[in-house]
There are 2 protein chains.
Amino acid sequence: MSAEPISRGPYAKSKGQRRRILDVAVDVFGRFGGRGGSLKDIADRVGMSQAGVLHHFGSKNDLLLAVLERRDDQGRVLTPDATLEEGVEAARELLEEGNRNPGLFQLHVTLSAEATDPAHPAHEFFVERYARVSEQFTAPLRAAARDGRLSDDADPEAIAHLVMAAMDGLQLHMLLNDDVDVLKSFDVLMDAVASKYIRPDEG
Amino acid sequence: MSAEPISRGPYAKSKGQRRRILDVAVDVFGRFGGRGGSLKDIADRVGMSQAGVLHHFGSKNDLLLAVLERRDDQGRVLTPDATLEEGVEAARELLEEGNRNPGLFQLHVTLSAEATDPAHPAHEFFVERYARVSEQFTAPLRAAARDGRLSDDADPEAIAHLVMAAMDGLQLHMLLNDDVDVLKSFDVLMDAVASKYIRPDEG
């Protein structure tokens, strides 16, 4: 017990430094991409040496992945038995979060585009991530199909991929076109999909 | 007239070199982005000096914009009085072209993501491009509204932005998730939007 105040001090300091590095890294990678953003810029802005930054994160690539993972950790996690309505609500919350944090979204979309190259250090991260998120989006649709709430011509996977794609595309276009209203176009999509493929919940 | 064979030779040679540089630039920028892709890589692969490449394109930025403009030139151009059906057909053709040329699409999506940064050399290009394409997508919907073919709650601009976003998002996700079927999800979107907002053409 008596050692705690001594060991807690440096630990809290180190945690604070990690957080500050991550905040700056989100901004630098968001603006310059994972390849263009340099460790030197990040270190300069945090007021550390590059070796100091690497002490906390091991490598530039590890720092990049830590930034991406932090973003995912902040998102709401759906349980496997989430209903359609819960799924739509969670997706809408993600978009509202993106509106509040365009830098973080810019980072995500820039890196996911760069990472389409199989040689990119974040390629595996994104392949794994999209498979997982795709499953999270498809599961409530499959459950709705089992409950007889989907029309016979509805393809849960194709609908899930459409919704994910529209969300990323809208957030990308919003950054290049002030006229894009992400939430309005998202609601148009939800209304259209519901009109064509989904029966209202009678439960 | 007698000078023609002499002047045509170097001109044709120069045109061929320009085309070869562009082909290689599509691949290099597509894989490494506009910031990560280097003039040196491009010059090495074409078998020229960097000065030789700059002789044809002036600067790396000019080369980047030439690549982007060539892509747009290859797309089908809709007349301002295109019908809804012609618009959908043109959009579908763009996606089929993207399926045939993933490298060119990868370039487009990587650069448009990077270019969300106002300091990026292609920022103005993309802002101007998205405003123009958005108008091309919205016009047939506005015309359909005037003809009484849209439901009263249909918002032509929000629908147009949704379709553009879904197209870019699907092509991005296709590169990271083999399960994504771009054309199938696009058809789901068109069917859903038609079901909710559009009356069939009776003309």
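User: A salt bridge here is a side-chain nitrogen of Lys or Arg within 4 Å of a carboxyl oxygen of Asp or Glu. How many salt bridges does that rule give over all chains?

Analyst: Heads-up: this is a predicted model, where local features need pLDDT of at least 70 and side-chain atom pairs count only at pLDDT 80 or more, while totals for chains, interfaces and linings use all residues. Residues are numbered from 1 along each chain as its sequence is written, chains are lettered from A and ligands numbered from 1 in the order written, and side-chain values use heavy atoms, without hydrogens or water. Over all chains, the count of salt bridges is 18.

User: Which residue does Arg45(A) pair with in a salt bridge?

Analyst: Helices are DSSP runs of H or I with at least four residues (strands: E, at least two), numbered from the N terminus. Arg45(A) sits in helix H2 of chain A, and its partner lies 18 residues away in helix H1 (residues 4-36) of that chain. N and O are 2.8 Å apart, and the partner is Asp27(A).

User: How are H2(A) and H3(A) oriented to each other?

Analyst: Take lines fitted to C-alpha atoms over the stretch in contact, with angles from 0 to 180 degrees between N-to-C directions. The axes of H2(A) (residues 39-46) and H3(A) (residues 50-57) come within 8 Å and cross at roughly 100 degrees. Under 35 degrees is roughly parallel, over 145 roughly antiparallel, 65 to 115 roughly perpendicular, and the rest oblique. H2(A) and H3(A) are therefore roughly perpendicular.

User: Which residues of H3(A) does H2(A) meet?

Analyst: Contact means heavy atoms within 4.5 Å. On the H2(A) side we have Leu39(A), Lys40(A) and Ala43(A), and they meet Gln50(A), Val53(A) and Leu54(A).

User: What area is buried between chain B and chain A?

Analyst: Buried area is the accessible area (1.4 Å probe) that two parts lose on being put together, summed over both. Here 46 residues of chain B touch 46 residues of chain A. Carbon and sulfur atoms give 66% of the buried area, which comes to about 4000 Å².

User: Which residue of chain A does Lys184(B) bridge to?

Analyst: The interface of chain B and chain A holds 2 salt bridges. In the one made by Lys184(B), the closest N and O atoms are 3.2 Å apart, and the partner is Asp155(A).

User: Which helix gives the most to the side of chain B that touches chain A?

Analyst: Elements giving two or more residues to that side include H1 (4-36), H6 (102-114) and H7 (123-146) of chain B. With 13 residues, the top contributor is H8(B).

User: How far is the C-alpha atom of Arg70(B) from that of Leu22(B)?

Analyst: Arg70(B) belongs to helix H4 (residues 60-74) of chain B. Beyond four places in sequence, its contacts are Arg19(B), Leu22(B), Asp23(B) and Val26(B). Arg70(B) and Leu22(B) are 48 residues apart along the chain, and their C-alpha atoms are separated by 8.7 Å.
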